[in-house]
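Thanks for coming. I will go through one structure today, starting with a pair of helices and then moving to a pocket.

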Amino acid sequence: MEEAGGVFPFRDVRWDPDPALEPSPAVRVPSPAPLVLDNGSFQLRLGWACRASEVPSEPLLRFRSLVARSRGARGGAGPETQVGNDLGSPEPLRWLLRSPFDRNVPVQMELQELLFDHGFQRLGVASQGCVDHPVVVTEAVCNPLYSRQMMSELLFECYQVPKVSYGVDSLYSLYHNKRQGWPCSGLIVSSGYQCTHILPVLDGRLDARNCKRINIGGCQAALYLQRLLQLKYPGHFAAITLSRVEEILHEHSYVAEDYKDEMQKWRSPEYYENHVHKMQLPFSNKLLGSTLTSEEKQERRQQQLRRLQELNARRREEKLQLDQERLDRLLYVQELLEEGHMDQFHKGLMELNMDSAEELQSYIHKLSMAIEQTKQKILQAEVSVEVDVVDSKPEMPDLDPMGCEQSMEDVESMNEFEPLFAEEQPEVEKPVTTVQPVFNLAEYHQLFIGTERIRVPEIIFQPSLIGEEQAGMAETIQFVLDRYPKEQQEKLVQNVFLTGGNMMYPGMKARIYKELLEMRPFQSSFQVHLASNPVLDAWYGARAWALEYMNRDEGWITRKDYEEKGGEYLKEHCTSNVYVPIRLPKQAPRAAETPASSQAPGTAANNVSEQA
């Protein structure tokens, strides 16, 4: 939402806690409906695959894949765990946030279990200690067997699910957007929160051998934009948070069709003024001493003077206590002299760094007078009336009504308080015309987003902008296409399918079309399609697949399969990864050990062959 003058305020939306839902009876009758989990590194989306009209055909829960564990207060019940939308705002807990994902692959299963617990409890399916529904889970392309093994162990052993199906999120998205029916061929370009994948699909099946991954996604773009803005506005370093940066990235960035030409346009002052986006940071309209009324200034001065009086009184009490302790020490040494303990008396004088009894007597007299004066000051300060700070500037604040000489500490305190009395002149003594500072506080708290709007999304095509030694998206597409003969290249480029959150930048489809136009032969045909909903189409595709294959055995891993073939086992289907089982090399039979030192080499070899 844009304000007047082309200024956009930050919304700073707080996440609302997920509601506790009651499952509809239709998900239980006549058979348990499949539960669809789009397990993404940015968001976890949960919902039902049910044909009943009363069950929504969209994700019921959507929350960030983040977990925060705080140590809790002293004497508490232990660490407090917050998951997903229960965080409210991630910024106060930014250094406590953890994610189970590493490069789009879940590796921290303890955190993954917390995410599943949160989702199942909010859906109301974990009340009996188990989830007795079939589960469809999305996974990354070419997911490691270890990750799938740990995921299967979590689902079968912890949640007691009856059967599980795994599929690739981008293939599910293509499945949902199919036009002429399955199977089909195409080149999927999927860019998400942490990775970008180029997936060739031939005759409806994934060609896993030629898949490529670029370790650039929305996470790297957000960090890059945050660094750019913090270097540009060091005065607002703490206010440029990752949440606000993501808001700028999602709502104000776009992909340039020609990056160099677009950067040349931004050199024009007119183009800059017409296209720059001004983001307004929150700020307070009140400056110290600028917008205060005379009554507020008077009250503030009175408060400051009272604090100074309290400080001086506290210093006098501390000084009185120290002087009294020293006087007691001196009187003790004088008593030694009166009682005739000369050895102890001379020793006490040496400790006090004094030479004679006369010097001791003189010091006791001065210290007694100082203590008496301090007591009188404290007594008079307690009963003195409050100083009226509306009067003109006094030469010395009336902190000593007795008229006694001010101590050095009081004088130093008054010197510190001197600037405060400089503003105490009555209104009549001030000039009639006061000069107000020409300073626009709102404009000082504005972020001007200019070339950053195109520089940040450009890292998908040029990772070298952030120091990554990787090929960009266009080069990777060209590399994948070059691995096929011309006939198969023609089939792939007829359906270049764009999906994932990073494909929602304005101008992304036109940029991919331009890159393909440059790399393809002259007058060759190709088509670029954008998913209808690049973010949620993976969940919709998984739901459509679950409804179609609900009563089939294809693609479902049962508990029996898990116990017999291991957690890494995968039943392939049209939207799944390719299952490559672990093949352990056969170990050669170990020959019987013989003492080699007592036999010749030939004799040892003959013995081994005879035993074999």
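Helix H1 crosses helix H2 in a right-handed sense. Keep in mind that this is a predicted model.

Which residues make the contact? From H1 there are Met109, Gln112, Glu113 and Phe116. H2 contributes Ser147, Met150, Met151, Leu154, Leu155 and Cys158. Sorted by class, this contact of H1 with H2 contains seven nonpolar residues, two polar ones and one charged one.

Now the geometry. Two packed helices are described by the angle between their axes and by the distance between those axes. Here H1 covers residues 109–123 and H2 covers residues 145–158. Their axes come within 11 Å and cross at roughly 45°. Because of that, H1 counts as oblique to H2.

On to the pocket. A probe the size of a water molecule, rolled over the atoms, shows where empty space is left. I will take the second largest pocket, with a volume of about 510 Å³.

How many residues line the second largest pocket, and which lie nearest its centre? The lining has 20 residues, and those nearest the centre are Leu66, Arg94, Tyr193, Cys219 and Leu242. By class, the lining of this second largest pocket splits into nine nonpolar, six polar and five charged residues.

Which elements supply the lining? Strand S7 (97–98), helix H4 (218–232) and helix H5 (242–252) each give at least two residues to the lining of the second largest pocket. H4 gives the most, with four residues.

That is the end of my part.

Definitions and conventions: Residues numbered from 1 in each chain as written. Predicted model: local features only at pLDDT ≥ 70, side-chain atom pairs only at ≥ 80, totals over all residues. Heavy atoms only, no water. Axes fitted to C-alpha atoms, helices over the stretch in contact; angles between N-to-C directions. Parallel < 35°, antiparallel > 145°, perpendicular 65-115°, else oblique. Left-handed = near helix turned anticlockwise from the far one by under 90°. Contact = heavy atoms within 4.5 Å. Nonpolar A, V, L, I, M, F, W, Y, C, P; charged D, E, K, R; others polar. 1 Å grid on protein atoms, 1.4 Å probe; cavity = no way out; pocket = protein on both sides within 12 Å on 5 of 7 lines; lining within 4 Å. Points joined across faces, edges and corners; volume = space filled by probe spheres on them.
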